[in-house]
Every structure is written in structure tokens, then in C-alpha cells.
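Thanks for coming, everyone. I'll keep this short.

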Protein chains: 2
Amino acid sequence: MGRRPRESTKAEELEVACRTLGVPLTIQRRVVLETLAARDDHPTADDVWEAVRVRMPDVSRTTAYRALDTLVGLGLAVKICHPGSSARYDAKTRRHHHLVCAHCERVFDIDVPALDKLALPNDKSFEVTDYSVHFRGVCAACKEES
Amino acid sequence: MGRRPRESTKAEELEVACRTLGVPLTIQRRVVLETLAARDDHPTADDVWEAVRVRMPDVSRTTAYRALDTLVGLGLAVKICHPGSSARYDAKTRRHHHLVCAHCERVFDIDVPALDKLALPNDKSFEVTDYSVHFRGVCAACKEES
DNA sequence: CTGCCTGCAAACGATTTGCACCAGC
DNA sequence: GCTGGTGCAAATCGTTTGCAGGCAG
């Protein structure tokens, strides 16, 4: 799955989102977003920080955390959770789903086109904007090991 | 939503699971499970601990954490995650789905029978045992407030 | 009787916060 | 120029761990 994400698009989205919401567009946020968008795994905030430091050695860890949080608020990234460990981030905006290993607790992306157009529940008291399906199970590595 | 869950069923499940896996069946585990099963929200480990202390003032927080973890291992509870805060537990074993508020980050249960029999992906390298759908959106309280 | 479980307190790691300075608008 | 973002270091919060005694099998 080595397709190249169009980073320029992400940068544009960021620009628009910042302008719309009156949020200053800083270099740090731009780099954090690009770094995140370039990855297909689900990096932790710390992972992102370390990757960002390659290009910007002076960013503080705190800023990485804050920038990620801001990006989530702007709708340009998603924060996903992972029992037993730290939060993970994902810049994928296209719909996709997750395989969560019940043993090693790792999270894998999975594309299941058939699940991409589920009907959203019409709950009046909750406005649904998006969804994803979390499959639980055992990954290959853990299956082998047991 | 004040219906009474059949706690005896949960206790039986616990007994069977403990025997099967050779895990000692302690009072603490029983009480933790009953406490968790009696709730419809998604309590934190700490929430569970406080609720358990009403009946067993001497349980330590550590034990609550460990018992919850054990129950997850036994398949009698599920640990769910909640960005920005602590892990949450759920004793519901029947399939259900979640509404996650993007604003207050609270998690609500939702029953959507139509989503209960999705086809599991036939990925050879990942053995899927269960799934749930996470809907993201804005809950009533947050919608009103903004 | 033996081993796992429990309780306690301290350790740990991820994330947040307060404050002074600097950059975007 | 004003507002809000950044960097630093310390604080905070949830969770885990090591060890001594107790209970389930």
C-alpha cells in the first residue's frame, strides 16, 4: 500500500481550516500535519514528535502534543485509542476501519469498501458525522506465537 | 433505563470462565464484575473502584484495576478507550455500538440491529472474532451549548 | 500445603500546565 | 501592537509494580 499522499492537499486543507476558524497557521502545525500525513501506521504523539524533530530539531514535545490536538480540533486528524498504551493519531480522512489485536493491542488499518457506506443512525439527540468499524481479533504474529 | 440485569447469569459465567482457565474465583473479582454489570455507562477503573468500595470498603484501587484486567482476559468485560481520558470498561458482551461525542468525548451505547450481522472480513492474516461500530459526532448536550 | 491474589506504597510514563518570550495576523 | 502559540520544566493523573501476608483450590 505504498501510494504517495498528496501533501500539498493537506497543507491547503490546513490553510483553509485555520483561516475559517481564525487559528494561526504556524510552521510547527504545518510540519506536524505533513509528518503525520506521510505515515501509514498509527504513531503516538511521541512518535510524531521524534519524526518532526528530524526536520525541526527545536520543537518541544509539548508543541507536538498541542499541534496534534489542534489538528484534531480542525478535523484534519483523528485521535484513536489503544487500550494499555498511549493515544495514536491518524491523518487519514478517507473512511477506513481498524483491526485491533486483542493480544498485542496493535492497531491495523483495513479497507472494506462494503462497509464504507453504512447508514448512519438517525438519532435526533446525537448528530453523527462519521464512523469507523473496529474489528477485534488476533493478529498473525500473536496467533503464531500461541 | 433502570432495568435490572440478571446478575446471577454474570456470576455463573464468571464461575465457568474461572474454572475453565484455572483462575481463582475471588470475592473481589465477583464484586467487581457485578458492579460493572450493574452499570450502563462506561465507568473508568476508578469509577468501578469507588462503586465497589461501597460494598467492600477494603478493596484497594490496585485490586480493582487487576480484577478488571482479569475479567477482560476472561472475556467477561471489554476495555474501551476514550481519547483524552482514562480507559473505560463495559460488561456488555452482547454486540452493541458506540456514539462518541467529538466535543465532550463521552461514549454512549447504541443499539442498531441492522449493524449486528455485518460480514467479517476474511483476512487470512488476522482472525476476527468480534467488532463494533464507532460513530463520531456531537451529542445533544454539546450541540445545545455551542 | 502451594500458588496466586490482595493490599500497600512507591515508581512510572504519558500528557498537561504556568510562565516568559516570540511569531502570526 | 495585540493575541495566541511556543518552549521549558515541573506538576499531574492514570496505571503498574515489588513485596509480605492471606485465601482459594
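Start in helix H1 of chain A, residues 7–21. Glu15(A) and Arg19(A) sit four residues apart in this helix, so about one helical turn separates them. Bear in mind that this is a predicted model. The two side chains form a salt bridge, with the closest N and O atoms 3.3 Å apart. Why does that count? A salt bridge needs a side-chain nitrogen of Lys or Arg within 4 Å of a carboxyl oxygen of Asp or Glu. In general, side chains of opposite charge can pair when their charged atoms come close.

Are these two residues buried or exposed? Glu15(A) is partly exposed, at 34% relative accessibility. Arg19(A) is exposed, with a relative accessible area of 65%.

Now for a pair that crosses between chains. Arg136(A) forms a salt bridge with Asp130(B), and here the closest N and O atoms are 3.8 Å apart. Arg136(A) lies in strand E5 of chain A, residues 126–139, and Asp130(B) lies in strand E5 of chain B, so the pair joins two chains. Look at the surroundings too. Arg136(A) is partly exposed, with a relative accessible area of 29%. Asp130(B) counts as buried, at 17% relative accessibility.

Arg95(B) is partly exposed, with a relative accessible area of 26%.

Next, Asp130(A). Arg136(B) forms a salt bridge with Asp130(A), and the closest N and O atoms are 3.7 Å apart.

How many salt bridges run between chain A and chain B? The count is four. Over all chains, the count comes to 17.

Let's take the whole interface. On chain A, 34 residues are in contact with 34 residues of chain B. In general, the size of an interface is often given as the accessible area lost when the parts come together. Here chain A and chain B bury about 2900 Å² between them. Of that area, 66% is on carbon and sulfur atoms.

Last, step back to chain A as a whole. Chain A has five helices and five strands. Along the sequence, the pattern reads α-α-α-α-β-β-β-β-β-α. The C-alpha atoms fill a box of roughly 45 × 45 × 30 Å along the principal axes. Of the 146 residues of chain A, 42% count as buried. The accessible surface of chain A is about 8100 Å², and 52% of it belongs to carbon and sulfur atoms.

One more on charge. Chain A has 22 positive and 22 negative charges, and their mean positions are 2 Å apart.

That's my part. Over to you.

Conventions:
Residues numbered from 1 in each chain as written. Chains lettered and ligands numbered in written order. Predicted model: local features only at pLDDT ≥ 70, side-chain atom pairs only at ≥ 80, totals over all residues. Heavy atoms only, no water. Buried < 20%, exposed > 50% of the residue type's maximum accessible area, 1.4 Å probe, protein only. Areas by Shrake-Rupley, 256 points an atom, 1.4 Å probe, with all protein chains shown as cover. Lys, Arg positive; Asp, Glu negative; His and termini not counted. Charge placed at Lys NZ, Arg CZ, Asp CG, Glu CD. Contact = heavy atoms within 4.5 Å. Buried area = accessible area lost by both parts, 1.4 Å probe.
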